[in-house]
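Open the model in your viewer and keep the sequence panel beside it. The stops below say what to select next and what is there.

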Amino acid sequence: MTEIRFDLARQSDLPRLVELLGILFESEAEFSADSEKQRAALQAILADPAKGKICVAREGREVVAMASLLYTISTAEGGKAALFEDLVTAPEHRKRGIGAALLKHVIEQARAEGVLRVTLLTDMQNERAQAMYRRVGFVGSPMKPMRLKVKKGLP
């Protein structure tokens, strides 16, 4: 077994990242895969480091997991905050601790960059993921997530 290493995603990783998001969205209740949407969003992140970063776990040359961190400013925290999104490990590489290790890597990177708070959303029924997030220090929030899809052309 080759060693797992973590680094930033590259443009050449884009097809694999889209594939991994397709796997992730198959299991999520609220979202569905749309490769063109995922490709456009990933390209926007890769093109502008101020928006965020995509971290990957590589085994040899293969991307086996990915996670993204998107930046914002928190008025409550008084500085940089981030939204942690899209943690997914390829099915054939699961149950090896790669996702948890990638999560810890992303948190270390965020801390080094001065991020004051990392927020994430997880499916309510995904207790396995929630347990992993708790193990690295995430706690439940009394805040309730709400969404509004804003589409072009609608009043």
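**Stop 1: helix α3**

Select α3 and colour its buried residues: I98, G99, L102, L103, H105, V106, I107 and A110. Buried means under 20% relative accessible area, exposed over 50%, and partly exposed in between, with a 1.4 Å probe and protein chains only. Helices (H or I, at least four residues) and strands (E, at least two) are DSSP runs, numbered from the N terminus. This is a predicted model, in which local features need pLDDT of at least 70 and side-chain atom pairs count only at pLDDT 80 or more, while totals for chains, interfaces and linings use all residues. Residues are numbered from 1 along each chain as its sequence is written, and side-chain values use heavy atoms, with hydrogens and water left out.

Now show what covers the buried residues of α3: the cover includes β1 (4–8), β2, β3, β4, β5 (117–120) and α4. Contact here means heavy atoms within 4.5 Å.

Use the distance tool on the end C-alpha atoms of α3. The helix has 15 residues and reaches 21 Å from the first C-alpha to the last, close to the 21 Å expected at 1.5 Å a residue. The expected span is 1.5 Å times one less than the number of residues. After α3 comes G114, with a positive phi near 85°.

**Stop 2: helix α2**

Select residues 35–47, which form α2. Its 13 residues should span 18 Å at 1.5 Å a residue, and the end C-alpha atoms are 18 Å apart, which agrees.

Which residues of α2 are buried? They are Q38, L42 and I45. These residues lie on the same side of α2 because they cover an arc of only 60° around the axis. The arc is that of the directions from the helix axis to the C-beta atoms.

**Stop 3**

Most residues other than glycine have a negative phi. Select D86, which is found in strand β4 (residues 79–89). Its phi is positive, near 60°, and D86 is not a glycine. Is D86 buried or exposed? D86 counts as buried because its relative accessibility is 18%.

Next select K95, in the loop between β4 and α3 (98–112). K95 also is not a glycine, and has a positive phi of about 65°. At 75% relative accessibility, K95 counts as exposed.

**Stop 4: the whole chain**

Zoom out and show the protein chain as a cartoon. It has four helices and five strands, in the order β-α-α-β-β-β-α-β-α along the sequence. The C-alpha atoms fill a box of roughly 50 × 35 × 30 Å, taken along the principal axes. Buried residues make up 37% of the 155 residues. Of the contacts with a separation of 6 or more, 62% join residues 24 or more positions apart.

Finally, colour by pLDDT, the predictor's confidence in each residue, from 0 to 100. The protein chain averages 93, and 97% of the residues score at least 70. Which parts have the lowest and highest confidence? Confidence is lowest in helix α4 (residues 127–135), at a mean of 93, and highest in β2, at 98. Where pLDDT is low, the predicted coordinates should not be read in detail.
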